[in-house]
Amino acid sequence: MPLEFQVIARCSVTKARASLLRLSHADVETPVFMPVGTQGTMKGLTVSQLYDTGAKIILGNTYHLGNRPV
């Protein structure tokens, strides 16, 4: 299934929007809390703490991981 992005509501004043991001493994409602994985890790959180945040998506910067100096 390809990625799908659907706008659910818009604010005429601030131009903010609520949307639904459909991924192959889950649907993610936006705006969303999205932890950032620096160097492939979630620094400062245990796995159970990360799970308890309810995050359905994690941003991992694989571009910089692939370009690290040896």
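Is Asp 27 buried, partly exposed or exposed? At 32% relative accessibility, Asp 27 counts as partly exposed; here buried means under 20% relative accessible area, exposed means over 50%, and partly exposed lies in between (1.4 Å probe, protein chains only). Keep in mind that this is a predicted model, in which local features need pLDDT of at least 70 and side-chain atom pairs count only at pLDDT 80 or more, while totals for chains, interfaces and linings use all residues. Residues are numbered from 1 along each chain as its sequence is written, and side-chain values use heavy atoms, with hydrogens and water left out.

**View 1. Glu 4, Arg 22 and Asp 27 are linked in a network of salt bridges.** Side chains of opposite charge can pair when their charged atoms come close. A salt bridge is counted when a side-chain nitrogen of Lys or Arg is within 4 Å of a carboxyl oxygen of Asp or Glu, and by this rule the count comes to two. Arg 22 meets Glu 4 at 3.9 Å, N to O. Arg 22 lies in strand β2 and Glu 4 in strand β1, so this pair ties together parts that are 18 residues apart in sequence. Arg 22 also forms a salt bridge with Asp 27, where the closest N and O atoms are 3.0 Å apart. Arg 22 is partly exposed at 28% relative accessibility, and Glu 4 is partly exposed at 37%.

**View 2. Strands β1 and β2 pair in the antiparallel sense.** Strand β1 covers residues 4-10, strand β2 covers residues 17-22, and six bridges join them. Strands (E, at least two residues) and helices (H or I, at least four) are DSSP runs, numbered from the N terminus; two strands pair if DSSP finds at least two bridges between them.

**View 3. Lys 15 lies in the loop between β1 and β2.** The hairpin of these strands has six residues between them. Most residues other than glycine have a negative phi. Lys 15 has a positive phi of about 70 degrees although it is not a glycine. Lys 15 is also exposed, with a relative accessible area of 67%.

**View 4. Strands β2 and β3 form a hairpin with four residues between them.** The two strands pair in the antiparallel sense over four bridges. Find Leu 21, and you can trace a bridge to its partner in β3, Val 28.

**View 5. A cis peptide bond joins Thr 30 and Pro 31.** Most peptide bonds are trans. For the bond between Thr 30 and Pro 31, omega is about 0 degrees. Pro 31 lies in the loop between β3 and β4.

**View 6. Val 32, Met 34, Val 36 and Leu 59 make a nonpolar surface patch of about 310 Å².** Met 34 sits in the loop between β3 (27-30) and β4 (36-37). Met 34 is partly exposed, with a relative accessible area of 36%. Patches are made of residues with over 30% relative accessible area and no salt bridge: like charges are joined within 9 Å, and nonpolar side chains (Val, Leu, Ile, Met, Phe, Trp, Tyr) within 5 Å. Accessible areas come from the Shrake-Rupley method with a 1.4 Å probe, and for residues only the protein chains shown count as cover.
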